Amino acid sequence: MIDRGLADRAGRGVALHEIDDDNWRDVADVAPLDDQRRFAPALAARYLLLSTRGQVWTSLAVSADGAVVGHVMWARDDEDGTYWVGGMLTDGPQQGKGTGRAAVRTLLAWLAERDDCEEIRLSYDPDNVAAERLYSSLGFRRTADTEGDEVVAALPARAARRG
């Protein structure tokens, strides 16, 4: 379990957990709101398969007071040594409570503790205003790079360590 003592606005403790026999079904069923499906898959199951089959990403369950409410994944780019955050998905009814923000902050702090972590990156659809607002509020800044049709944003690890 990865826990930095952060809570959402409802006061629920937010932590990240390895995907295991007890939680994988709950994670697979995480679904965005209908109007977000142009930015994210219909279910987090797609991300779980990507982690399992692609063997690049590591999926984590996001919990609030022990109940699965989302999914996030991370990876390290062996070519340039950057760490990446991907597959952030909060279950539709759980959105708007600060759970996603607490989950990302928890993951960022955990990744930034690694001795070889200098920079953390992520990508998002340029039309996804909510994602851009969240990530920029956490200190991510757009780079000139792209991942397909998505913009890439970066955060120095030292900034993630500060919180």
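Modeller: Helices here are DSSP runs of H or I with at least four residues, strands are E runs of at least two, and both are numbered from the N terminus. Keep in mind that this is a predicted model, where local features need pLDDT of at least 70, side-chain atom pairs count only at pLDDT 80 or more, and totals for chains, interfaces and linings use all residues. Residues are numbered from 1 along each chain as its sequence is written, and side-chain values use heavy atoms, with hydrogens and water left out.

Biologist: Which residues of helix α4 are buried?

Modeller: In α4 (residues 129-137) they are A131, L134 and Y135. Buried means under 20% relative accessible area, with a 1.4 Å probe and protein chains only. Seen down the axis, those buried residues fall within an arc of 90°, so they line one face of the helix. The arc is taken from the directions from the helix axis to the C-beta atoms.

Biologist: And what do the buried residues of α4 pack against?

Modeller: They pack against β4 (83-90), α3 (99-112) and β5 (119-124). Contact means heavy atoms within 4.5 Å.

Biologist: New topic: what order do the seven strands of the open sheet take?

Modeller: The order is β1-β2-β3-β4-β5-β7-β6, with mixed pairing. Two strands pair if DSSP finds at least two bridges between them.

Biologist: Which strands stand at the edges?

Modeller: β1 (14-18) and β6 (141-147), each with a single partner strand, so one side of each is left without a neighbour in the sheet.

Biologist: How many bridges join β5 to β7?

Modeller: Six, and the two strands run antiparallel. S123 stands opposite V152 in β7.

Conventions: Buried < 20%, exposed > 50% of the residue type's maximum accessible area, 1.4 Å probe, protein only.
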